[in-house]
Amino acid sequence: MNTAQMRARAEAIFQAGVAAADPFAAVTEALSEAPVAAPGAGGRTLVVAVGKAAMRMAEAAMAHVPAPRDVLVVTNYENAGVLAGAQVFAAGHPVPDEGGARASQAVLDALDGLGPQDRVLALISGGGSALLPAPVPGVSLTDKATVNRLLLASGADIGEMNLVRQQLSRLKGGGLSAAAAPAPVRALILSDVVGDDLRVIASGPTVAPIGSKADAEAILKERGVWAKLPEAVREHLETLEAANAPPKAQNRLVGSNAISLAAMTAEAGAGAIQHEPALVGDVSKAAARVMAEAKRPGIHLFGGETTVVLKGKGLGGRNQELALRVALLAEQAGWAAGSWVFLSGGTDGRDGPCDAAGAVVDSGTLERMRAAGVDPKARLDNNDSYHALQASGDLLMTGATGTNVADLQVLIRV
């Protein structure tokens, strides 16, 4: 294969992984196997869909849940649209905003006053944590946004971020189930979290919290952001209170990074190598691991979610930075021209605060950057992978996909 063919092959394999996370198909299969129970006498059915895949999940549910029903959808601005028969709320991600505050209040109002005769179907996908902020009393939305920004810049992983978020929210860490009680809750969950810990996905609105206030305080101090927090946040976390376990919900995982990685392996065909464990942790270490595990020719596949410590003021995301780091390491290793292609992309179609899903780099990437007057190492030091990859023509642009099961990577060597 030449470079153009390898690039096209890598993108086709990546798209097979995205397709395997189709939220409409996942919800359809789950509800076909086990339909939603009818409400009791005088009861009603409430469908609450939240996350980047909320629109498609809700659309599938509405085809299986008989009317009358109430349907609330909360998703990010890029994925929001019109869905007949549903109330759709658009909100900010990854930093909470007023749209999320309004959506959270609408969800709390809908859950208020439900009884044992009512039924709640929760459709949960990645991104739901930021989209439903619902801060605890005494903590403002601005305070929560500040916490989010500090954690994102500190390199905190999704588990650490969601543990903290749960302690500052009325809907996370089982809060949705608690607000719905005594109505029974059934949840269908599309995982964007490596390992599929249900407590972490969208900060676990239908499961018990990951940890305590003390755990949240310890993380914030370890990440070096405790002193920078709003005073109201510190006061809330330092106020100990009795922990009450939320009511148990019926939770089912319907899609995940592992399922998408398996689909990519099937698409890549015999001889493709699916690398385990998941690609996680600091992006520089992840790039080194990709290089170490892809020393021989073939198709190498990874899945996971890395982290980036922000030191500069540039634009980009973890997938773009990973791709640029791999390109630099491949150059250092002397990989031959035209012999390799590497793709790293977010399955939601958005990598960080920009319009790219990630990047597809090859042996000519750095040459194209330098020819455009761009120093790739300097841009990387400024966390400006987006503009570097834009200059070389290597951004992966998919648009919003309507799903989210973390990140997928494809490396092809010939």
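What share of the contacts in the protein chain with a separation of 6 or more is accounted for by residues 24 or more positions apart? In this predicted model, the share is 79%.

## Overall form

The protein chain contains 16 helices and 13 strands. Along the principal axes, its C-alpha atoms fill a box of roughly 70 × 50 × 35 Å.

For 414 residues, a compact globule would have a value near 22 Å, and the protein chain has 22 Å, which means that the two agree.

## Burial and surface

Of the 414 residues in the protein chain, 56% count as buried. The accessible surface of the chain amounts to about 16000 Å². Carbon and sulfur atoms hold 53% of that accessible surface.

## A residue in a loop

Gly364 lies in the loop that runs between strand E11 (358-362) and helix H14 (365-371). Is this residue, Gly364, buried or exposed? Gly364 is buried because its relative accessible area is 16%, and a residue counts as buried when that value is under 20%.

Gly364 and Ile259 are 105 residues apart along the chain, and their C-alpha atoms are separated by 32 Å.

## The largest cavity

How many cavities of 30 Å³ or more are counted in the model? The count comes to two.

The largest cavity has a volume of about 40 Å³. Its lining is made up of Lys52, Asn76, Glu78, Asn79, Asp348, Arg350 and Ala400. Sorted by class, the lining of the largest cavity has four charged residues, two polar residues and one nonpolar residue.

## The second largest cavity

The second largest cavity holds about 30 Å³ of space. The residues that line this second cavity are Gly128, Ser129, Leu132, Leu171, Lys172, Ala202 and Pro205.

Which classes make up the lining of the second largest cavity? Four of its lining residues are nonpolar, two are polar and one is charged. For the largest cavity, by contrast, the lining has one nonpolar and four charged residues.

## Summary

The predicted model shows a chain of 16 helices and 13 strands, with 56% of its residues counted as buried. Gly364, in the loop between strand E11 and helix H14, is itself buried.

Note on methods. Residues numbered from 1 in each chain as written. Predicted model: local features only at pLDDT ≥ 70, side-chain atom pairs only at ≥ 80, totals over all residues. Heavy atoms only, no water. 1 Å grid on protein atoms, 1.4 Å probe; cavity = no way out; pocket = protein on both sides within 12 Å on 5 of 7 lines; lining within 4 Å. Points joined across faces, edges and corners; volume = space filled by probe spheres on them. Nonpolar A, V, L, I, M, F, W, Y, C, P; charged D, E, K, R; others polar. Helix = DSSP H or I, 4+ residues; strand = E, 2+ residues; numbered from the N terminus. Rg over C-alpha atoms; globule rule 2.2 N^0.38 Å. Buried < 20%, exposed > 50% of the residue type's maximum accessible area, 1.4 Å probe, protein only. Contact = heavy atoms within 4.5 Å. Areas by Shrake-Rupley, 256 points an atom, 1.4 Å probe, with all protein chains shown as cover.
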